[in-house]
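Me: I would like a close look at one part of this model. Please keep it brisk.

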Amino acid sequence: MAEFTKEQLLERVNTNHGAEGNARVRAITERIVTDLFHTIDELDVTADEFWKSIAWLTRMGQTGQFGLLTAGLGFDRLLDIRQDEADQKAGRAGGTPRAIEGPLFVAGAPLSQHEVRLDEGEPEGEVFVMEGQVLDLEGQPVAGALIDVWHANTQGGYSHFFPGMKPYELRRRIQADAQGHYRFRSYLPPGYAIPPGSPIAELFTALGRHGNRPAHIHFLVAAPGLRTLTTQVNIPGDTYIDDDFAFATRDGLIVELEKNVAPVGYESLGVTAPFTRSRFNFVMQKAVNENEALPLTRMERVAG
Ligand SMILES: [Fe+2]
């Protein structure tokens, strides 16, 4: 039979396979295809609309913006909510909340012991120091914890993605000391928006949505035996703090800023005048298996 009704075609698409292949991939694909068939039918999607969307997906892939799409449509936060739910069921509450990773992590940032400057070579802005301890759920220091920290520059760009920035600019790794202490100097990053004129901006313009993220700093914290923590902190006072494009703001992750802190004790970071400080401890859960303690980002975990 070479003629199909819509229902017969869907049935054929979803059952036209043997026993080989991957059953999980097949089940998920079947569900998505079925939902899309129904969407096209029920919303009367025209051929032009369909092919326009395929051309858009192609352009979006070519510009590397799938990570912005997943964040902006809520999928990154959805996965965190689902993991939080699973943790709650398993009695694994506690510790610093996880937050979305975003698509802009770069592995291999320069490593420093205990403290570092992220802002080397940058124009002087408001001097900012963030410091604290890495602790476990019992409040014990996590000696030697590894902290990856990365944030945007004054124009909202990330090194390795934004033109004109140096390799690993505003990206560093810090190894906490024996008492779990870390600190770094930088400046308070601004919020930023999705690139104007890009495929992702076309979609959000069509949706009538803005593409702004409030000011934030990303972290990946890892230590043997503890569950790797992906999180980010928000800088208070940002216009978009409760209206994040990526839905990533969380209670417990909005830092407090102390203004006009005396510079005594911060000379090694080049601080010589009153500055802005934030104190924040990262509290890590125990890993229940080796996999959870792998010092990898979410994307690195699945990279082939
Ligand atoms: Fe970011």
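In which sense do E4 and E5 pair, and over how many bridges?

Reply: E4 and E5 pair in the antiparallel sense, over five bridges. Strands here are DSSP runs (E, at least two residues), helices are runs of H or I of at least four, and both are numbered from the N terminus. Two strands count as paired if DSSP finds at least two bridges between them.

A word on the source. This is a predicted model, in which local features need pLDDT of at least 70, side-chain atom pairs count only at pLDDT 80 or more, and totals for chains, interfaces and linings use all residues. Residues are numbered from 1 along each chain as its sequence is written.

Start with the pair itself. Leu-146 has Gln-175 of E5 as its bridge partner. Both strands belong to an open sheet of five strands, in the order E1-E5-E4-E9-E10. The pairing in this sheet is mixed. Strand E1 (111-113) and E10 are the edges, each pairing on one side only. From one strand to the next, the twist averages 25°. Axes for such angles are lines fitted to C-alpha atoms, for helices over the stretch in contact, and angles run from 0 to 180 degrees between N-to-C directions.

Ile-174 is buried, because 26 other C-beta atoms lie within 10 Å. The cut-off for buried is 20 or more such atoms, for exposed 12 or fewer, with partly exposed in between; C-beta atoms are placed from the backbone. Beyond its neighbours within four places in sequence, Ile-174 is in contact with Ser-112, His-114, Glu-115, Val-116, Ile-147, Val-149, Tyr-182 and Phe-184. Contact means C-beta atoms, placed from the backbone, within 7 Å. By contrast, Phe-50 is 124 residues from Ile-174 in sequence and 48 Å away in space, C-alpha to C-alpha.

Ile-147 and Val-149 are among the members of the largest nonpolar core that touch the most other members, as are Val-134, Ala-145, Val-221 and Met-284. That core holds 35 residues. A nonpolar core is a set of buried Ala, Val, Leu, Ile, Met, Phe, Trp, Tyr and Cys residues joined through C-beta atoms within 7 Å. Strand E4 (146-150) gives two or more residues to this core, and so do others, including strand E9 (216-222) and strand E10 (229-234). Apart from it lies another core, of 10 residues, with Leu-68, Ala-71, Ile-100 and Ile-194 among them.

Conventions
Contact = placed C-beta atoms within 7 Å.
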